[in-house]
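User: I'd like to go through one part of this model with you. Can we start once it's on screen?

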Amino acid sequence: MARWVALLRGVNVNGITIRSAELAALFRELGYEDVRTVLASGNVVFTADGDAASVTGAVEQALRDRFGYDAWIVLVPHGRLAAIVDGFPFPSGPDRHDYVVFGSAAPALDALLEDLTVDESVERVARGDGVVYWSCPKGSSTDTAFAKRAAAARFKRTTTTRNTNTLRKLL
């Protein structure tokens, strides 16, 4: 059995509401163990048999069936999460938000950065192993160049973003 983190895309925004207790129950019904939800933004830590593709497919289909929305997740091996957080390459500060963008496929992350120009005095962006790191001033996480790119519809099914504080709670 492997320990996983499922990062749900687009829940508890835009009219798609899933309570943590209902989400945990769904994962348990799938036969997964040691299920723990973290915050109300679609984060589930759990243990399951199967490879990443089969677990991803089962979770996405169960979410679609139960909650009636076009569900997409990014599945991360729990053991990788600490290295991802520790690998954050930019200095943190009380006036900044630090994020990690997860992708279900490397080409999506590459496309996210392709021909991107950012003002490094405002935000910083760097490619990591299976992720993109992003730091921006508090209050600007929807209006910077990278924020606008990441919000594009073409990335809806392949990426999801988490604050590093949230990721630490998943460890």
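User: How many residues sit between β6 and β7 in the hairpin?
Analyst: Three residues lie between β6 and β7, and Gly-130 in that turn has a positive phi of about 80 degrees. Strands here are DSSP runs (E, at least two residues), numbered from the N terminus. This is a predicted model, where local features need pLDDT of at least 70, side-chain atom pairs count only at pLDDT 80 or more, and totals for chains, interfaces and linings use all residues. Residues are numbered from 1 along each chain as its sequence is written, and side-chain values use heavy atoms, with hydrogens and water left out.

User: How many bridges join β6 to β7?
Analyst: Four, with β6 (residues 124-127) running antiparallel to β7; strands pair if DSSP finds at least two bridges between them. Ala-126 stands opposite Tyr-133 in this pairing.

User: And how many join β5 to β7?
Analyst: Seven bridges, also antiparallel, with β5 covering residues 96-103. There, Tyr-99 is opposite Trp-134 of β7.

User: Is β7 mostly covered or open?
Analyst: Mostly covered: six of the seven residues in β7 (131-137) are buried, meaning under 20% relative accessible area with a 1.4 Å probe, protein chains only.

User: Switching topic, what lines the second largest pocket?
Analyst: Its lining includes Phe-102, Gly-103, Gly-130 and Val-131. β4 (73-77) and β5 are the elements that give two or more residues, and β4 has the largest share, five residues.

Terms used: Buried < 20%, exposed > 50% of the residue type's maximum accessible area, 1.4 Å probe, protein only. 1 Å grid on protein atoms, 1.4 Å probe; cavity = no way out; pocket = protein on both sides within 12 Å on 5 of 7 lines; lining within 4 Å.
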